[in-house]
Amino acid sequence: MTTIRQLLPTPAAIADPDADPEATLERLADLYAYPDPVPATGWVRATMVSTLDGSATGADEKSGSISATGDRAVFSVLRGLADAIVVGAGTARTEGYRVPAAKPAFAARRARLGQQPVPLLAVLTRSGVLPPTLTGEDGRPAPGVEALATDPPEAIEKLAGRGLRRILLEGGPQILGQVAAAGCLDELCLTLSPLLVGGGGPRILSGAPVELSLTAAHLLTADGLLVGRWLIDR
Ligand SMILES: NC(=O)c1ccc[n+]([C@@H]2O[C@H](COP(=O)([O-])OP(=O)(O)OC[C@H]3O[C@@H](n4cnc5c(N)ncnc54)[C@H](OP(=O)(O)O)[C@@H]3O)[C@@H](O)[C@H]2O)c1
């Protein structure tokens with residue numbers, strides 16, 4: 001059984017996804033609400049998971065193997081709050097991404113905020129190669145999916161210009177590195193898994209060096225994971 005507890009800023013019980021999934025989603029949705037109003041240029045929230053030794057993947061080269069139930073509850077809420085999910089094609093291919101589906105638990109909240117029932121899935125790709133799970137039989141992106149051949153900051157600007165301002169960046173390290181280097185990252189939702197995996201797995205950011213400092217908005221614990229929300233200092 002998973003219980004989610006808040007450690008920072010003040011210790012508190014948050015919820016139990018197994019005993020009361022609806023209340024858990026509501027509590028988490030409030031904790032992770034995007035700024036209101038959302039800036040016209042968009043709000044870019046990245047979500048990543050890392051082992052204690054800094055690997056963004058397990059031995060299977062995927063992130064699911066270093067995650068757990070409590071983290072997945074938060075991940076589901078983050079998707080439920082977003083206007084657009086942005087992901088690199090590398091992650092979409094490796095993780096076998098699927099077209100996001102509507103979550104009934106978020107329907108009322110999304111309608112209240114004027115959001116579409118389902119977030120758009122924007123896949124950044126120069127090659128245009130999407131996994132078959134994201135395309136129709138003609139090989140084109142399935143409804144609800146777009147392939148964007150632009151640099152991540154330009155993609156974010158375009159999405160925000162279309163009113164898709166609540167951005168959820170799901171990585172991977174190449175894309176997060178570019179977004180951070182361009183100065184357009186607003187927050188990082190980082191889960192630390194109590195695992196050591198060694199090997200040569202990627203860190204959560206790759207590419208050019210960046211120097212950003214962050215402040216914790218909150219730190220939760222669930223299933224032994226540390227689930228943090230960190231805001232970029234401006
Ligand atoms: N721990 C975590 O939270 C987490 C999260 C996400 C992913 N991961 C892991 O990270 C690994 C994948 O990460 P990655 O860094 O290799 O890949 P990635 O960042 O997901 O995607 C890289 C791909 O994005 C496209 N791309 C990169 N820069 C671009 C640009 N400027 N404009 C347009 N498209 C651009 C290219 O796609 P094309 O090749 O199609 O041109 C490139 O191959 C996987 O093992 C995944 O499991 C871990």
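# Close-up views

**Val99 touches Leu121, Leu134, Ala142, Gly144 and Val145, when residues up to four places away in sequence are not counted.** Two residues are said to touch, or to be in contact, if their C-beta atoms, placed from the backbone, lie within 7 Å. The structure shown here is a predicted model, in which local features need a pLDDT of at least 70 and side-chain atom pairs count only at pLDDT 80 or more, while totals for chains, interfaces and linings use all residues. Residue numbers start from 1 along each chain, following the sequence as it is written. Val99 sits in the loop between H3 and helix H4 (107-112), where helices are DSSP runs of H or I with at least four residues, strands are DSSP runs of E with at least two, and both are numbered from the N terminus. Val99 has 14 C-beta neighbours inside 10 Å and therefore counts as partly exposed; a residue is buried if 20 or more other C-beta atoms, placed from the backbone, lie within 10 Å of its own, exposed if 12 or fewer do, and partly exposed in between. Glu157 is 58 residues away from Val99 along the chain, and the C-alpha atoms of the two are separated by 22 Å.

**The shell around the ligand is made up of 31 residues.** The closest of these are Gly88, Gly90, Thr91, Gly171 and Gly172, and a residue is taken as near the ligand if its C-beta atom, placed from the backbone, lies within 6 Å of it. Strand S3 (43-51), helix H3 (89-94) and helix H6 (173-181) are the elements that give two or more residues to this shell. Sorted by class, the shell holds 11 nonpolar, 14 polar and 6 charged residues, where Ala, Val, Leu, Ile, Met, Phe, Trp, Tyr, Cys and Pro count as nonpolar, Asp, Glu, Lys and Arg as charged, and the others, Gly among them, as polar.

**Helix H6 is largely enclosed by the rest of the structure, because 7 of its 9 residues are buried.** The buried residues are Pro173, Ile175, Leu176, Gly177, Gln178, Val179 and Ala180. They pack against S3, strand S4 (84-88), strand S5 (120-124), helix H5 (152-161) and strand S7 (166-169). After H6 comes Gly183, which has a positive phi near 75°.

**Helix H1 (residues 21-31) has buried residues at Thr24, Leu25 and Leu28.** These three cover an arc of only 95° around the axis, which puts them on the same side of H1; the arc is that of the directions from the helix axis to the C-beta atoms. Glu22 and Asp30, on the other side of H1, are exposed. The packing partners of the buried residues of H1 are strand S1 (4-8), strand S2 (12-15) and helix H2 (69-81).

**The largest nonpolar core contains 53 residues.** Such a core is a set of buried Ala, Val, Leu, Ile, Met, Phe, Trp, Tyr and Cys residues joined through C-beta atoms within 7 Å. Val44, Val86, Val123, Ile167 and Leu169 have the most contacts inside this core, and H2 gives the most to it, with 5 residues. Apart from neighbours within four places in sequence, Val44 is in contact with Ile156, Ile167, Leu169, Val179, Cys184, Leu185 and Asp186. In soluble globular proteins, nonpolar side chains tend to be buried together.

**Two cis peptide bonds can be viewed here, one joining Leu8 and Pro9 and one joining Asp36 and Pro37.** For the bond between Leu8 and Pro9, omega is about 0°, and Pro9 lies in the loop between S1 and S2. For the bond between Asp36 and Pro37, omega is about 5°, and Pro37 is found in the loop between H1 and S3.

With 20 other C-beta atoms within 10 Å, Asp223 is buried.
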